[in-house]
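Dear colleague,

Please find the structure below, handed over for your records.

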Amino acid sequence: MQTQHQATRQWVSACVMMAGLFVTNTVQAQTSEKFKMTTPIPPGIAVPDQVETRLGTLNFIDGVPDKASTQKLYDNLDFQRAVQAYLLALPVVNQASNRNNILTMGPANKTVPIWENLVDSTTIELTANDNTPYTWFWLDLREGPVVVEAPPKVLGLVDDMWYHWNGDIGITGPDKGKGGKYLLLPPGYQDDIPEGYFVVRPGSLSVWVAWRSFVVDGNPTPGVELVKQHTKIYPLSEADNPASPKFINMSGKPFNMVGPAGYQFWELLNSVVQTEPTETVDATTLGFWASIGIQKGKPFKPDARMKKILKEAAVVGDATARALAYRLRQKGGRIFDDRQWRYAFLGGYKFQWQPGVSNLDASAFFFFLATGVTPAMDTQIVGKGSTYPWTALDSQGNPFDGGKNYKLHLPPDIPVATFWSVIVYDTQTRSMLQTDDPHPSVSSQNKGLQANADGSVDVYFGPSPPKGKQSNWVQTIPGKSWFMILRLYGPLKPWFDKSWKPGDIELQE
């Protein structure tokens, strides 16, 4: 005989079963029965109970993902956002590594590294040149405005920590190459500004200043001496008694400024977000970083699941940047329809499809490969500034093989007002290829350069020089790939109207 408790349990179980049947029948009725307010639902609004995707099978309960599918979707979302966050952070981590390594030479505002005898391949830095001496230093505006007295006859820039261009110094700047006093103000500075300065307003407290002096008859010393004689850096509050900085010759000194991939990448990004004003960074970029746990004023402490995602996203982000750099799919990235030559600045120095619309691929590939942003590096003015056609592929669209021989033909009347150069870079470090020669380059500045009878020039690449052509040869390394940049300083009209075109780099049998 049943007890009252047993009878109650059986009644509850029956109710649950009936409720389940009711829910099932209701779900079925929604697809077959019609009610007073039922209207036709257009295709594409409802989701099937199962869908096949690149994530595998996703299961839904009348449009609601089940627990397993929900976890799968969130893992995918976090991974996607992390890869995009990585690509958006390339310029910032680029700058952070630049700053952190330069400051090992001495404190900001007081230390000026200078490559007195030109950059050579012992300097690991993104696509630096060995044609002109670099002066390269960091400022810290946390204690207030800082004055930089710039020398004459230099070509320079000011970029903030977010890699936004803040202004030019020297020939393309307001001093027009005569030298002058530049006053850099911290973000939000509202006090009175004294007269007599060229004012620059960076978007960060850490600010990078760099310029190039010029070689005179093959000698870098005159330009370097001008830099040392005229350069001063001091707080505005000490303008009556300005101090001279400490210069450090970096030529021939093994030194790295290239940032890491991997989990360290995220730690560097977080350090910048925590210590710099973010008002000049767009909300979407900050949103991507916040979505992976990097947000101003909050600790960056991903759990084990998120840390695993971030590590993989850094690997995929780096790989994606390499694809964008070396095998960009945008047709607009090619300078000539029938050549492999590529633009360095795709969409101008702001990397835009059109005003206000970012070209994300162009920005990512540039900041993976290069250092320094200024309109002067993307000039469209005949005889001014410089331009940087480059390629990582031979005439057949194949990556260069350091164990093979190649030739570049530069037709007569190379269109430059000043000089041109060819420099070879390592596809891993994006820095000068380290071979037996400290300067892996050929330039019109080289006194031994050989021109053909018609004025054209052939440049050779390979493990060994062609007989009698060593002055026109750049050594490469078997087992390593490489890419190169053809720098044109003061490009002339035939470059802009494309009536002069360099040949593709051709494999030699």
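Is Lys 480 buried, partly exposed or exposed? Lys 480 is partly exposed, with a relative accessible area of 25% (buried means under 20%, exposed over 50%, partly exposed in between; 1.4 Å probe, protein chains only).

Please note that this is a predicted model, in which local features need pLDDT of at least 70 and side-chain atom pairs count only at pLDDT 80 or more, while totals for chains, interfaces and linings use all residues. Residues are numbered from 1 along each chain as its sequence is written, and side-chain values use heavy atoms, with hydrogens and water left out.

Lys 480 meets Asp 426 in a salt bridge at 3.2 Å, N to O (a side-chain nitrogen of Lys or Arg within 4 Å of a carboxyl oxygen of Asp or Glu). Asp 426 is buried, at a relative accessible area of 10%.

The structure holds eleven salt bridges. In another of them, Glu 276 pairs with Arg 142, the closest N and O atoms being 3.2 Å apart. Glu 276 counts as buried at 1% relative accessibility, whereas Arg 142, at 37%, counts as partly exposed. Lys 501 and Asp 338 also form a salt bridge, with the closest N and O atoms 3.2 Å apart. Lys 501 is partly exposed at 27% relative accessibility, as is Asp 338 at 45%.

Arg 487 is buried yet has no salt bridge; Asp 130, the nearest side chain of opposite charge, is 6.6 Å away (Lys and Arg count as positive, Asp and Glu as negative; His and the chain ends are not counted). The Arg 487 side chain reaches the backbone oxygen of Thr 127 at 2.8 Å.

With kind regards

Notes: A polar contact is a pair of N or O atoms within 3.5 Å; within protein, one must be able to donate a hydrogen and the other to accept it, and residues adjacent in sequence count only if both atoms are side-chain atoms.
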